[in-house]
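Here is a quick briefing on a single chain, grouped by topic. Have a look at the structure first, then read on.

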Amino acid sequence: MLRWYKIEQALSLKNKGITEHKFGARVLCVAWFENELYVFSRNCPHAGAPLKNGWCERGKVICPFHRHEFDLITGKGETKHHDFIHTYPVKYEDEAYYVGVERSFWHRLLG
Ligand code: FES
């Protein structure tokens, strides 16, 4: 089950690269690329680099440490690396952007 969080000041994030934002208990990366807004994991699965220090090109986020690439839509890494990041759904509603984050096990359990 998803919980939708408003991405505050989403339009002002254009041209600011990749930024980190807290949504509930999670800190995620937010980035605009070719006029679309994307939300994805904070850290690279390879060795934990902060993806906020990376950049987006060709529809991918590039890790700043060893240049692994992850698709901004699916989160899939390159086949040779067998890794991926989590990507999160984004919707535009009532003149604001929202990201959908799965509720944690404990939140589901405790309601
Ligand atoms: S830490 Fe990201 S590619 Fe190595």
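**Salt bridges and their surroundings**

Glu57 counts as partly exposed, at 30% relative accessibility (buried means under 20% relative accessible area, exposed over 50%, partly exposed in between, with a 1.4 Å probe and protein chains only). This is a predicted model, where local features need pLDDT of at least 70, side-chain atom pairs count only at pLDDT 80 or more, and totals for chains, interfaces and linings use all residues. Residues are numbered from 1 along each chain as its sequence is written, and side-chain values use heavy atoms, with hydrogens and water left out.

**Charged pairs**

- The structure holds four salt bridges, a salt bridge being a side-chain nitrogen of Lys or Arg within 4 Å of a carboxyl oxygen of Asp or Glu.
- One of them joins Arg58 to Glu57, with the closest N and O atoms 3.0 Å apart.
- Arg58 itself is exposed, at a relative accessible area of 54%.
- Arg58 also forms a salt bridge with Glu69, and here the closest N and O atoms are 2.8 Å apart.
- Strands (E, at least two residues) and helices (H or I, at least four) are DSSP runs, numbered from the N terminus.
- Glu69 counts as buried, with 16% relative accessibility.
- Elsewhere, Lys91 and Glu93 meet through their side chains in a salt bridge of 3.5 Å, N to O.
- Lys91 is partly exposed at 25% relative accessible area, and Glu93 is partly exposed too, at 37%.
- As for shared partners, salt bridges join Glu57, Arg58 and Glu69 into one network.

- His68 lies in the loop between strand S6 (60-62) and strand S7 (69-71).
- Is His68 buried or exposed? With 8% relative accessibility, His68 counts as buried.
- The side chain of His68 makes a polar contact of 2.9 Å with that of Asp83, and another of 3.4 Å with the side chain of His81. A polar contact is a pair of N or O atoms within 3.5 Å; within protein, one must be able to donate a hydrogen and the other to accept it, and residues adjacent in sequence count only if both atoms are side-chain atoms.
- Setting aside neighbours within four places in sequence, His68 is in contact (heavy atoms within 4.5 Å) with His46, Val61, Ile62, Cys63, Glu78, His81 and Asp83.

**The open sheet**

- Four strands make up an open sheet in the order S2-S3-S4-S8, with antiparallel pairing. Two strands pair if DSSP finds at least two bridges between them.
- Which strands sit at the edges? Strand S2 (18-23) and strand S8 (87-88) do, each pairing on one side only.
- Strand S3 (residues 26-33) and strand S4 (residues 36-40) pair in the antiparallel sense over five bridges.
- Trp32 stands opposite Leu37 in S4.

**Cysteines**

- How many disulfides are there? Counting pairs of cysteine sulfur atoms within 2.5 Å, the total is zero.
- Cys29 is in no disulfide, as the nearest cysteine sulfur, that of Cys56, is 9.1 Å away.
- Cys29 counts as buried, at 0% relative accessibility.
- Cys44 is buried as well, with a relative accessible area of 4%.
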